[in-house]
Amino acid sequence: VQLQASGGGLVQPGGSLRLSCAASGSISEINVMGWYRQAPGKQRQLVASIDTSDITKYADSVKGRFTISRDNAKNTVYLQMNSLKPEDTAAYYCTVQGILTLTFRPFASWGQGTQVTVSS
């Protein structure tokens, strides 16, 4: 299973960005989709996740500013980021968990990371 993330970039404080992550490969079903981020010198942390019932979870630091959503027909997860702050600067990684076709074994895959820089 391959994940292709896009949408990162440089934005001023208070600005917005939308990240996308599309999954492809031998996928039977996708369960949880999410985004993590990692700033230099810090551990990777969960930003947001969404399950098959569209139940979402957010880090306290992004609640009210970020929105995660998914398009099951496209195997794609999105992260809409508004009111961005300098402390949101990090590499953002998408992750997908699900079931493979043929073997019906579970999988967990990570995207390559997309850089988000918030600076004036």
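Author: Start with Asp88. This is a predicted model. Asp88 counts as buried because its relative accessibility is 1%, and the cut-off for buried is under 20%.

Reader: Which side chain meets Asp88 at 2.8 Å, N to O?
Author: Arg65 does, in a salt bridge. The pair links distant parts of the chain, 23 residues apart. Asp88 is in the loop between β8 and β9. Arg65 is in the loop between β6 (56-58) and β7 (66-71).

Reader: Is Arg65 buried or exposed?
Author: Buried. Its relative accessible area is 10%, so Arg65 falls under the 20% cut-off.

Reader: What about Arg37, what does it form a salt bridge with?
Author: Asp88 again. The closest N and O atoms are 2.9 Å apart.

Reader: Which residues are linked in a network, then?
Author: Arg37, Arg65 and Asp88 are linked by salt bridges.

Reader: Switching topic. How many salt bridges does the count come to?
Author: Three. One of them joins the side chains of Asp60 and Lys63, at 3.1 Å, N to O.

Reader: Are Asp60 and Lys63 buried or exposed?
Author: Both are exposed. Arg37 and Asp88, by contrast, are buried.

Methods
Residues numbered from 1 in each chain as written. Predicted model: local features only at pLDDT ≥ 70, side-chain atom pairs only at ≥ 80, totals over all residues. Heavy atoms only, no water. Salt bridge = Lys/Arg side-chain N within 4 Å of Asp/Glu carboxyl O. Buried < 20%, exposed > 50% of the residue type's maximum accessible area, 1.4 Å probe, protein only. Helix = DSSP H or I, 4+ residues; strand = E, 2+ residues; numbered from the N terminus.
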